[in-house]
Structures are given as structure tokens and as C-alpha cells.
Amino acid sequence: ETDPNSIRMRMFREMANANYDVHMMQTVGQGEKCVDIQLAVEMLHYATVPNAYDVAILLSGDKDFVPALVRTRQKGKQVCISSMRAGCNRVLYESPHIRDYDVVWLENCLDELIIPIPPEERSRRDRAGYASSFTMMRVVRDFVNAAPDHEWISSRDIGQYLKSIDIADSNMLEELKQYYKGLRTFLMERACNLFDVKFPEAGAIRGRGEFSFWVRVKGDSDDTLLTEFKRTQFFTKEEKEFLESYRKEKYIEHDSYQRTTMAANDFDSGDSNGMEELGGDSELDSFDGISSPALNYSQLTVVRLKDICREKGLPTSGLKAVLIDRLEHDREIECEIIEKQRRETREASMRSNRAAKKTPRPKSTGMATRPPLSSVADSIQTGNIYSQALPQMDAARYRDPRASSAPADPAVAAHLEALIKEYLTASGGSAGTRDIGRYLAANGDSHKGNRSALTELKEAHGSLLTFIHLREDV
């Protein structure tokens, strides 16, 4: 049951006191609450009631409301959409026929919407869970400071680290989400004196990519923590037991900074400039990171999660929690693959540089010749920044390490080739790789099993790009 003293319930009561018509609904269990359908029904119902309203203002970024918005306008009512940029589907702000006004971005109105919490109320909320603000700040500070080579740490790594630390019958991440409304809110509002926070390309409308941000410790953190400790009036029994046994070395593993390291490698071109950009005074706002691993699946709808599962060739059955676990597992595999590819590329680059130093340069003949295709592929493989601009591509470079090393089954290749040809023919001779991937995900494998053709392609060849390059003859 919803706590009657929760922030949400207090908000509903305040709206009712301000003469809003608040509709409450009781549901059973933790599943879908049919809120989207109820909102759409209410919008259309009152659109048919004379003088009920003139403008329907929808506070949502879900594209499932598009049919209701279109029908509402057909009833002679005007429609306005208000949403957060990061959570708004592009259909709602790019389609001209579903709204009468420009989208109202809530980020631009926060100064008018947010009311500061009084100090006494903040102090009361700090004691809602097992961990006080002091304990949470100390744990995050220790993790950020313990990074061996990085000053800025990815919020994704911090979240995974907090999830691994148990306190009583919960963990630090759950405590943070339940009582501080998430890591971002906690760092920027409650712990702003201790941490600096930076976001990728502030103000841009990000689609389904990057939602993570970057954190570092400010100045003398010991003094800040000491001040916070003095402000904390008491500690719970569970918190005292946790602090007595807490040692950061107990929780930090060799791969605790995996996403931070992967992001730093994006800047690494063979010298130390990459780490200087990430940890120095350069503009970090332009950094986008790795969009797929950084995607926060918990913020997406079930429909969107199923779409992503189809694109990745994963099963689409199950509740939201099952879909998120499935995508998180696939994300971990992708991270391992990307890290392995980068490591191999750097090692190959180092070997190439050493070989270039030992090999004497040939004398110029005064005639420019085009290098053979194999040498171009080798230069791309070794990371030559000039060769990367050439149009030639090496399929082996894009081969997924998950792909089988055994010889490809001719039946599998023939089945995949037939499906791709079928889709290209239906599309008029050309199509995007994303659309082809979706078509493969919607068709079965060559053995008529439970797998999709896209999964079979990944297991046999690694990626669609690799398969196409291997079949250039057709």
C-alpha cells in the first residue's frame, strides 16, 4: 500500500486543496496500474463533455498517447505536451499533427516548480532509512577517491558499487533510491558540498543513449564529512553495525571501475592525452561515453524495453523486471566484448609502432601509388588515424568475439542470405542495417527452433556487417 505520508500522497492532497479534480485508483499487486489507459480515457471523455476544458495538457513523454492526442484534437480541443527532455519520445516533439503548442520542457521551469525543503524537514527525511547522509556520502567518497587512474568516475560504476554493499536487509543503492530519490538527486542536492557533477552535452535532447554522468570529490573531503557527521543527530543500530565492519577494500573489486575505464579508452589514441582530458580541466560536457551500456533501462516503458529486446535478438516475454535483468545481462556481455576489442586494438597498435621503428623507410620514387587493400585493412586494424578515413573496411575488425570459431554452416548462411534478399527485394533494392536486423529478429533460425535469425547470425558471424562483407559476391 502507498504510504499516506509519502511525498506523492501529500502532493495529491495539496492538489485537491487547490481545487484540482484528483482521481485516485486502487490496484492489487506491483504490476501494471493502467494509468496510461485511464489518462487517455479521461482526456477523450471530457473532450466530448461541453465546456469541460479548452486545452488538454499532457505531462508525459510516452508515445502511446499519440492516438488519444490525435482524437482529442479532432474533437476540437487543443493539446499541449509537457515533459522532461531525456524522457520524451521524439514522436511527441517532431510530429506536427498531435499538438497545438511547442513542448514545454520541465527543465526550463524548475526554478518556478521546485520549493526548497526546510532544514528541519530535510533532517527528518535523512533518518528515513538505515543509512544517514553521512554514511552514504562516506561510502561514495571512498569509492571515488580509490580510483587508481581517474579523477572523474562514471555514475554507472558508483551505482553498481552501492548495489554490492549490503546494509541490514537492503543495500546502499536501494536506500539511495528509496529515501534520496536516486544518485543524481543525492549528489546535487544533499551532497553538493562534497562532490562535483558533470553531464554529457548539457541541454541536448538525448534519445535512448547516454543517461549517465560524471562525479569527482571536491577539495578537502575530510572536513566536509566531519561537518556532516556533527550534523547527524543519531545513528540507527543497523548503521552502527555497518560502520563498525565497513572497509572499502572489502567491496572494491578489480572491475569496479569498468565503465570509467572504457570511457577513458575512448579518448586514448596511444598517448596520455585521453586521461588528461577525462581528469583534467578540459570540457567533459562534450563526452558522450558508450551509449548502449549507459542506458538506464529502469526509466523506460515495457513497450520500449521489448523493442530493444527485439533489436538485440532477445526474448520479449516477461514483466518489466525480467526484461531489465535480461538487458542488463546482455549489456555486461557487450561491455566485455568492447573492452576486449579495445585491448586487442591497443596491443596491435603498440606492436605496429614498434615494428615501424625497426623498419627503415623506403626512398621516395616521386610517384604516388595507391596502397593495396590488405595494407589499408592492416592500418585500420592497428589504429592508424589517417587510414581510418579511407573508404575500405575490414570485416574481421568488426567480428564479435562471441561468434563461433568453427566453420560457418552453409545452411545457416543460405538461410540468412535468403532472408536478407527477401527484405531488400521488398524494400526496393536497398535498406538500412537496423531495419534488416529487426526483420531478422522477427524471423526464426534455419533449424526452426526457438531462436531468431538475428541471434543465429550473431552466434555464427558476430554481426550483420561481418556477414555482409563475407558475402560481397552476392
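Student: Okay, which backbone oxygen does the side chain of histidine 415 reach?
Tutor: The side chain of histidine 415 reaches the backbone oxygen of glycine 444, at 2.9 Å. A polar contact is a pair of N or O atoms within 3.5 Å; within protein, one must be able to donate a hydrogen and the other to accept it, and residues adjacent in sequence count only if both atoms are side-chain atoms. Before we go on, please keep in mind that this is a predicted model, in which local features need pLDDT of at least 70, side-chain atom pairs count only at pLDDT 80 or more, and totals for chains, interfaces and linings use all residues. Residues are numbered from 1 along each chain as its sequence is written, and side-chain values use heavy atoms, with hydrogens and water left out.

Student: Where does histidine 415 lie, and is it buried or exposed?
Tutor: Histidine 415 lies in helix 19, residues 410–426 (helices, H or I with at least four residues, and strands, E with at least two, are DSSP runs numbered from the N terminus). Histidine 415 is buried, with a relative accessible area of 18%, where buried means under 20%, exposed over 50% and partly exposed in between, using a 1.4 Å probe and protein chains only.

Student: And what does histidine 415 touch?
Tutor: Not counting residues up to four places away in sequence, histidine 415 touches Gly444, Asp445, Ser446, Ala453 and Glu456, with contact meaning heavy atoms within 4.5 Å.

Student: New topic: how many aromatic pairs are there in the whole structure?
Tutor: A search of the whole structure finds seven aromatic pairs. Rings of Phe, Tyr and Trp (its six-membered ring) pair if their centres lie within 6.5 Å, and planes under 30 degrees apart count as stacked, over 60 as edge-to-face and the rest as tilted. One of the pairs is formed by phenylalanine 143 and tyrosine 161, which are stacked at 4.2 Å centre to centre with 15 degrees between the planes.

Student: Which helices does that pair link?
Tutor: Phenylalanine 143 is in helix 7 (residues 133–145) and tyrosine 161 is in helix 8 (residues 155–163), so the pair links distant parts of the chain, 18 residues apart. Phenylalanine 143 is buried at 0% relative accessible area, and tyrosine 161 counts as buried at 2%.

Student: What about phenylalanine 242 and tyrosine 246, how are they arranged?
Tutor: Phenylalanine 242 and tyrosine 246 form a tilted pair, 5.4 Å centre to centre and with 35 degrees between the planes. Phenylalanine 242 counts as buried at 5% relative accessibility, as does tyrosine 246 at 2%.

Student: Which residues form an aromatic cluster?
Tutor: Phe143, Tyr161 and Tyr257 form one aromatic cluster.

Student: How many bridges join strand 1 to strand 2?
Tutor: Five bridges join strand 1 to strand 2 (residues 78–83), and leucine 58 stands opposite isoleucine 81 in strand 2.

Student: Last one: where is asparagine 19 found, and what is its phi?
Tutor: Asparagine 19 is found in the loop between helix 1 (7–17) and helix 2 (35–47), and although it is not a glycine, it has a positive phi of about 70 degrees. Most residues other than glycine have a negative phi.

Methods:
Pairing = 2+ DSSP bridges.
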